[in-house]
Amino acid sequence: MADCLTRLDAARALVHEAARIIDSVGNTGYTRRMVSESKKFATETAWAVVNDSMQIMGGIGYTNVYPIERMLRDARLMTIWTGTNEIMNLVIQHEYYKELLALTSSTRDVEIDALNADVEGEKVYE
């Protein structure tokens with residue numbers, strides 16, 4: 001139960017942070033990444049928590065006596081609705097790589113450094 005509560009609190013915090021970023025920053029690559037991360041994490045958390053709940057309840061959790069069996073089906077649907085979690089992975093990494101490329105353009109260009117590697121005083125190992 002403690003693990004489920006911890007996961008739910010973490011998912012809730014990530015979704016709240018994504019909403020705060022949307023309100024303050026607007027529609028950017030970082031916003032898309034945060035929304036994708038929160039959707040992926042929240043739906044995976046929902047699946048894990050409902051699955052653990054099913055385990056706790058045992059066989060009766062699989063019947064329609066309790067709403068857990070319906071929640072299990074709904075949680076599975078959440079992972080594929082409005083973009084599967086695999087697609088969310090692609091969006092997350094794409095937006096992160098764009099952020100990295102934007103950062104590296106303002107730093108040292110290692111390609112130019114490599115061209116000047118044979119300058120006097122610098123050792124080049126062949």
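Student: Where do I start? How many helices and strands are there in the chain?

Tutor: Start with the overall layout. This chain has five helices and zero strands. Along the sequence the pattern reads α-α-α-α-α. Keep in mind that the model is predicted.

Student: What share of the 126 residues is buried?

Tutor: Buried residues make up 22% of the chain. As for the surface, the chain exposes about 9,300 Å². Carbon and sulfur atoms supply 60% of that area.

Student: How do I read contacts along the chain? What share of those with a separation of 6 or more joins residues 24 or more positions apart?

Tutor: Look at how far apart the partners sit in sequence. Here, of the contacts with a separation of 6 or more, 60% are between residues 24 or more positions apart.

Student: Which residues is S38 in contact with, leaving aside neighbours within four places in sequence?

Tutor: S38 is in contact with L14, V15 and A18.

Student: Now salt bridges. What is the general idea?

Tutor: Side chains of opposite charge can pair when their charged atoms come close. The cut-off here is a Lys or Arg side-chain nitrogen within 4 Å of a carboxyl oxygen of Asp or Glu. By this rule the count is 10 salt bridges.

Student: Show me one. How far apart are the closest N and O atoms of R32 and E95?

Tutor: They are 3.1 Å apart, and R32 forms a salt bridge with E95. R32 lies in helix α2 and E95 in helix α4 (residues 85–104), so the pair ties together parts that are 63 residues apart in sequence.

Student: Which residue is linked with R32 and E95 in a network of salt bridges?

Tutor: K98 is linked with them in that network. Check the accessibility of the first pair too. R32 is partly exposed at 34%, and E95 is buried at 5%.

Student: Which salt bridge does E99 form?

Tutor: E99 meets R33 in a salt bridge, at 3.0 Å from N to O. E99 lies in helix α4 and R33 in helix α2, so this pair ties together parts that are 66 residues apart in sequence. E99 is partly exposed at 26% relative accessibility, whereas R33 is buried at 13%.

Student: What about E44 and K40? Where do they lie?

Tutor: Both lie in helix α2. They are four residues apart, about one turn of the helix. E44 is partly exposed at 36%. K40 is at 19%, so K40 counts as buried.

Student: Next, aromatic rings. How many aromatic pairs does a search of the whole structure find?

Tutor: The search finds one. The rings belong to Y96 and Y97, with their centres 6.4 Å apart.

Student: Why is that pair called tilted?

Tutor: Read the angle between the ring planes. Under 30 degrees is stacked, over 60 is edge-to-face, and the rest is tilted. The planes of Y96 and Y97 are at 50 degrees, so the pair is tilted. Y96 itself is partly exposed, at 38% relative accessibility.

Student: Last one. Which residues form the nonpolar patch on the surface?

Tutor: M1, L5, L8 and I56 form the patch. Together they have about 420 Å² of accessible area. M1 sits in the segment before α1 (2–25). At 65% relative accessibility, M1 counts as exposed.

Key. Residues are numbered from 1 along each chain as its sequence is written. This is a predicted model: local features need pLDDT of at least 70, side-chain atom pairs count only at pLDDT 80 or more; totals for chains, interfaces and linings use all residues. Side-chain values use heavy atoms; hydrogens and water are left out. Contact means heavy atoms within 4.5 Å. Rings of Phe, Tyr and Trp (its six-membered ring) pair if their centres lie within 6.5 Å; planes under 30 degrees apart count as stacked, over 60 as edge-to-face and the rest as tilted. Buried means under 20% relative accessible area, exposed over 50%, partly exposed in between (1.4 Å probe, protein chains only). Patches are made of residues with over 30% relative accessible area and no salt bridge: like charges are joined within 9 Å, nonpolar side chains (Val, Leu, Ile, Met, Phe, Trp, Tyr) within 5 Å. Accessible areas come from the Shrake-Rupley method with a 1.4 Å probe; for residues, only the protein chains shown count as cover. Helices (H or I, at least four residues) and strands (E, at least two) are DSSP runs, numbered from the N terminus.
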